[in-house]
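Subject: Structure for you to look at

Hello,

Here is the structure I said I would pass on. Please open it beside this email and follow along; my notes come after it.

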Amino acid sequence: MTRDIPGPGGSWLLGNLADFRAGMLPFFERCRRDYGTVVALRLGPRRLILLSDPSLIEEVLVTKNKSFKKHFATRLLKPVLGNGLLLSEGNQWLRQRRLVQPAFSRRFTDEFVQIVRLHTSRLADTWRQNPRRELYHDMTQLTVQIAAHAFLGISDAKDTEEIGACLEVTHADFERRFQQPWSLPTWIPTAPNRRLHRAVQSLTSIIDRMIDERRKDADGRHDALSLLLRAEDEQGERMPIQLLRDEVMTLLLAGHDTTANGLTWTWSLLAQHDGVMSRLRDELRHAKSETHPRDEASFARKIVKESMRLFPPVFVFGREAISAMNLGDYPIQKGDSILMPQWVVHRDAQFFPDPLAFDPDRWTTEFERELPKYAYFPFGGGPRVCIGKEVAMVEATGVLAALASEFDVSLEDPAGLTPWPTVTLRPKGPVWAHIRRRNGSVTTSRIERQTGSDV
Ligand code: HEM
């Protein structure tokens, strides 16, 4: 017995395009409220199914994952990410995942903690000198510096700046094409396309230079590029150069903007919740700085988790059915796009009592045990779960810990803070904040001196 999938209808030609454009987040919320957890939508000829039921999301990501491929919107990233992990499919994806996964070992993460600390302490110096800050900008710069250092082994400021500027161009281009899917293909030499090509070329030439350097001397290095250069599959084969480039590009792109958004939302929430901030400080006073970012039970982690519940950096993601099937009792046709909105599921009162409250304490072991697995999925799930999941948690927790122990943050315009859903969930417009040093704080410079800055 199959069930019809309800939905809001729409224009005969464009379907629900106007609803999407009027505001994706409120539209998703309205669909959930008025039609339930499985809702049929349309964009032109394409049928979309908005899925907010954790057990059906698990079917898509885990039990029936082989019946799906990546969603058409994700493929907009192809001109930049090529066949890197985020976009590849089937056996090519599996082979690459097996080659890349070992790079994110315990050893890598240990070194990563030091890299996070080093760059955060530099940001702390800037905060001391100039206390009026734009948080989204600061968090983006910081995550670019960390990504360039950890993934490519770059600590040179000029290269890092260049990488940051190019990533900004590629990101703006994704946003443009995400909002205007009918944009001309990237091979047509329009002004935006030429700008994109220049940015990709520039990134590629930095990556190629680093590949050459690491080829001559990768021994003892633990940046992701050096590890990927040495990685071999079961036949003893190494990654072809183009795939190596695609993977490094994927790590840079997938690994900085998501974390920067997560951190910006976390600061914005902390700035509005003094009680949570002072509890965090109490914990930091007693925590061992070496192990703290990896401590899964820490209050800092609970803060990051709760912030990604309310403001998931990836607020929706999708799959495309490659064959007809049922999800639960609902018939899915070949070619249907399945959208899984973290934004909606993470705010469902059925799973999260008082869902709009920022309450890091809800994340007890018992609460997590009882929570349906896909009621909280900021990093996706199943075989294609985010490969940088642990790295992102360590980074967010490490940055938070290093800065919160020294500074108070207050927003200039908390009421003006609005989520802006593009490829990721960013704040709309700048997030201006005042930074104040606390008396008796442990400065991050001292932490840097203790741990050394020679990573
Ligand atoms: C808060 C930060 C992050 C969030 C919220 C996030 C979220 C996600 C999500 C939802 C997916 C699944 C996409 C899908 O199934 O279609 C994903 C995949 C991926 N992420 Fe992340 N991510 C974060 C940080 C990172 C970092 C730091 C890295 C790099 C170290 C990274 C690299 C990747 C890659 C390579 C994939 C594709 C994995 C595959 O398909 O095998 N991400 N991420």
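**What I found**

Asn-439 counts as exposed, because its relative accessibility is 79% and the cut-off for exposed is over 50%. Before going on, please keep in mind that this is a predicted model. Asn-439 belongs to the loop between β12 and α17 (444–451). Its C-alpha is 41 Å from that of Ala-375, and 64 residues separate the two in sequence.

**Other single residues**

Asp-354 is in the loop between α14 (342–345) and α15. Asp-354 is exposed too, with a relative accessible area of 56%. Its phi is positive, near 50 degrees, and the residue is not a glycine. Most residues other than glycine have a negative phi.

Val-431 sits in the loop between β11 (425–427) and β12 (432–437). Is Val-431 buried or exposed? Its relative accessibility is 4%, so Val-431 counts as buried. Val-431 and Leu-411 are 20 residues apart in sequence, and their C-alpha atoms are 7.3 Å apart in space.

Phe-174 is part of helix α8 (residues 157–179). With 5% relative accessibility, Phe-174 counts as buried. Thr-74 is 100 residues away along the chain, yet the C-alpha atoms of Phe-174 and Thr-74 are separated by 9.7 Å.

**Two helices**

Helix α7 (residues 135–152) has 18 residues, so at 1.5 Å a residue it should span 26 Å; the C-alpha atoms at its ends are 25 Å apart, which agrees. Of those 18 residues, 15 are buried, so α7 is largely enclosed by the rest of the structure. At the start of α7, a side-chain oxygen of Glu-134 comes to within 3.1 Å of the backbone nitrogen of Tyr-136. Just after α7, Gly-153 has a positive phi of about 75 degrees.

Helix α13 (residues 299–310) has twelve residues. From first C-alpha to last it reaches 17 Å, close to the 16 Å expected at 1.5 Å a residue. How many residues of α13 are buried? The count is twelve of its twelve residues, and the helix is mostly covered. The buried residues include Arg-301, Lys-302, Lys-305, Glu-306 and Arg-309, along with others such as Phe-299, Ile-303 and Leu-310.

**Aromatic rings**

The structure holds 16 aromatic pairs. One of them is formed by Phe-317 and Phe-377, with 6.1 Å from centre to centre and 45 degrees between the planes, and this pair is tilted. It links distant parts of the chain: Phe-317 is in strand β5 (residues 317–321), whereas Phe-377 is in the loop between α15 (365–370) and α16 (389–404), 60 residues apart.

Which rings does Arg-347 lie over? One is the ring of Phe-311, with Arg-347 over its face at 5.4 Å from the ring centre. Another is the ring of Trp-343, where the charged end of Arg-347 sits 3.7 Å from the centre.

**Around the ligand**

The ligand is surrounded by 27 residues. The closest are Lys-70, Trp-93, Arg-97, Arg-319 and Cys-386. By type, the residues of this shell divide into 17 nonpolar, six polar and four charged.

Which helix gives the largest share of the shell? That is α11, with six residues. At least two shell residues come from each of α5 (90–100), α11 (241–271) and β5.

- Lys-70: an N or O atom of its side chain is 2.9 Å from an oxygen atom of the ligand.
- Arg-319: a polar side-chain atom lies 2.8 Å from an oxygen atom of the ligand.
- Arg-384: an N or O atom of its side chain is 3.0 Å from an oxygen atom of the ligand.

That is the end of my notes.

Regards

Methods. Residues numbered from 1 in each chain as written. Predicted model: local features only at pLDDT ≥ 70, side-chain atom pairs only at ≥ 80, totals over all residues. Heavy atoms only, no water. Phe/Tyr/Trp six-rings, centres within 6.5 Å; stacked < 30°, edge-to-face > 60°. Helix = DSSP H or I, 4+ residues; strand = E, 2+ residues; numbered from the N terminus. Lys NZ or Arg CZ within 6 Å of the ring centre and 35° of its normal. Near = heavy atom within 4 Å. Polar contact = N/O pair within 3.5 Å; in protein donor to acceptor, adjacent residues only side chain to side chain. Nonpolar A, V, L, I, M, F, W, Y, C, P; charged D, E, K, R; others polar. Expected span 1.5 Å × (residues − 1). Buried < 20%, exposed > 50% of the residue type's maximum accessible area, 1.4 Å probe, protein only.
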